[in-house]
Amino acid sequence: MVVMETAPYKSKIGTLIQETRQARGLTQSQLAQALNTSQSAINRIEKGGQNISLEMLARISDVLSSQIISLNQPGSINFRVEGGYQLSGSIDVKTSKNAAVALLCASLLNRGTTTFKHVARIEEVNRILEVLNSIGVKSRWFNDNDLELIPPARLKLENMDIEAAKKTRSIIMFLGPLMHRYKNFRLPYAGGCTLGERTVEPHMDGLKPFGLQVDTVTGYYDAKSNTVQPEKTIVLSERGDTVTENIIMAAALNDGVTVIHNASPNYMVQDLCFFLEKLGVKIDGIGTTRLTIKGVHDINKNVEYYPSEDPIEAMSFIAAAIVTKSEITVRRAPIEFLEVELKTLETMGFEYELSKIYAANNGRTQLVDITTKVSELHAPVDKIHPLPFPGLNIDNLPFFAVIAATAKGRTLIHDWVYENRAIYLIELTKLNANVQLLDPHRLYVEGPTKWKPAEIVTPPALRPAVVLLLAMLAAPGVSSMRNVYSINRGYEDLANRLNTLGAHITVLRDIAE
């Protein structure tokens, strides 16, 4: 018999048992009776005060119908998915991941207190917060999802949490805010999803007119700033979201007029602009590819802002309804950023209803409730491919792979933006989908699919990882996803939220020292 005797292990296991018992609606007495033991023994186990054998752990798992722990990479979180169930009910879309990280970076522009309301508590936000905390910014969560940020008089850039910074590509958006406050600073190379090479050259080119010079050395960007007013219109070589955001933030503290052409008008860029307007920055052309920004010399305001809802999360729930042949209502969906996706689905036979438009908490973004209908889908006549907004969102494209797998006929998916992302979608074949990779950017998906369960190691790319989870919901039987960190980067409590719709997902937490 193997006995776990280390106190931290006992405490963590006890907490997991207690949470699972309560989720199953059992009292300590009921669990004790099922295990033929005493209530006091269960109480000691849950408080971490009693040794527990693997045999007892297995018995508890059986009674609670939940594997309490699994043997895997220490500290990782895994999903056990019992698929084949229809979903029902309503679910609210949370605020945007991509807006949140841009807004956190933009908070560095403000010497006052910044409060963001209803922020999604996701790993990507956690990494940026770890970086902000390490350089002296005080943060405080309250009311569950409200976040207060108070900057120090001077940031301690030399204390930056390098490991946290390397885990998020968003760190590149520190360049725009910091260049006005520091003559010299250093940032680690950006990380994030593994999607192939994504050049940072457009960032450097767009920030150069403000007087920023960046040299790349091993593992770092060395930045030297001698701020000046751009002499002419800044024309972006690519309509990238983070590139546009970086330049907007540089323009916000430039006491003059900056004109940007070929700017991204995407949802997270609009959110950033709405926030900066509350800080006193004047921006004309929000929602278009041409922005005129009248910056200010200094920002020192106590400000409160509500980020808008996430169109990518909304599309995730729509896809979940389609693949499980379910009728659900997706509430608080930002319709302006889903129109092309819904139109594409219409051409495939998808039926749905929209509520009347209403305003988001920021007073600017337009929201609707989308009620999905059980529909028989067919492959579209044309290929499905993304385009910059207002086209089909690049991050929503992977969901069309699992949707196409439910549709009758063959669909061509063309992911021209990323070198590697389409390759991860081949993992759908493990769940019995018919997916043929033509090259690193194109694949054929032929449906309909008779889904089968599988055990999959979660890919390091966020959206393909969620696509696989959605396919597991449709596959009768038990599937498992190992190490779901990449999903938690962009979604708050996704498994439990899907469970409120009728999914059967068990979260398995590995025990870490």
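I take buried to mean under 20% relative accessible area. With that cut-off in hand I looked up Tyr 424 in this predicted model, and because its relative accessibility is 17%, Tyr 424 counts as buried. I found Tyr 424 in helix α15, which covers residues 421-424, and I noted that its C-alpha atom is separated by 8.8 Å from that of Pro 460, a residue 36 positions away along the chain.

**Whole chain.** I then stepped back to the protein chain, in which I counted 18 helices and 25 strands. For 513 residues a compact globule would have a radius of gyration near 24 Å, and the chain has 24 Å, so the two agree. The C-alpha trace spans about 80 × 55 × 45 Å along its principal axes. Of the 513 residues, 55% count as buried, and the chain exposes about 21,300 Å², of which carbon and sulfur atoms supply 47%.

**Helix α6.** I followed this helix over its 12 residues, 123-134, and from its first C-alpha to its last it reaches 16 Å, close to the 16 Å expected at 1.5 Å a residue. Its buried residues include Val 125, Ile 128, Leu 129, Val 131 and Leu 132, but I also listed Glu 124 and Arg 127 among them. The partners against which the buried residues of α6 pack include helix α5 (97-106), strands β6 (138-142) and β7 (146-150), and helix α17 (485-488). After α6 comes Gly 136, with a positive phi near 110°.

**Backbone exceptions.** Most residues other than glycine have a negative phi, and most peptide bonds are trans. I therefore noted the departures from this pattern.

- The peptide bond from Phe 389 to Pro 390 is cis, with omega near 15°, and Pro 390 lies in the loop between β19 and α14.
- The bond from Gly 447 to Pro 448 is also cis, with omega near 0°, and I placed Pro 448 in the loop between β22 and β23.
- Asn 262 has a positive phi near 65°; this residue lies in the loop between β12 and α11 and is partly exposed, with a relative accessible area of 23%.
- Lys 325 has a positive phi near 55°; I found Lys 325 in the loop between α12 and β16, partly exposed at 38% relative accessible area.

Terms used
Residues numbered from 1 in each chain as written. Predicted model: local features only at pLDDT ≥ 70, side-chain atom pairs only at ≥ 80, totals over all residues. Heavy atoms only, no water. Helix = DSSP H or I, 4+ residues; strand = E, 2+ residues; numbered from the N terminus. Rg over C-alpha atoms; globule rule 2.2 N^0.38 Å. Buried < 20%, exposed > 50% of the residue type's maximum accessible area, 1.4 Å probe, protein only. Areas by Shrake-Rupley, 256 points an atom, 1.4 Å probe, with all protein chains shown as cover. Expected span 1.5 Å × (residues − 1). Contact = heavy atoms within 4.5 Å.
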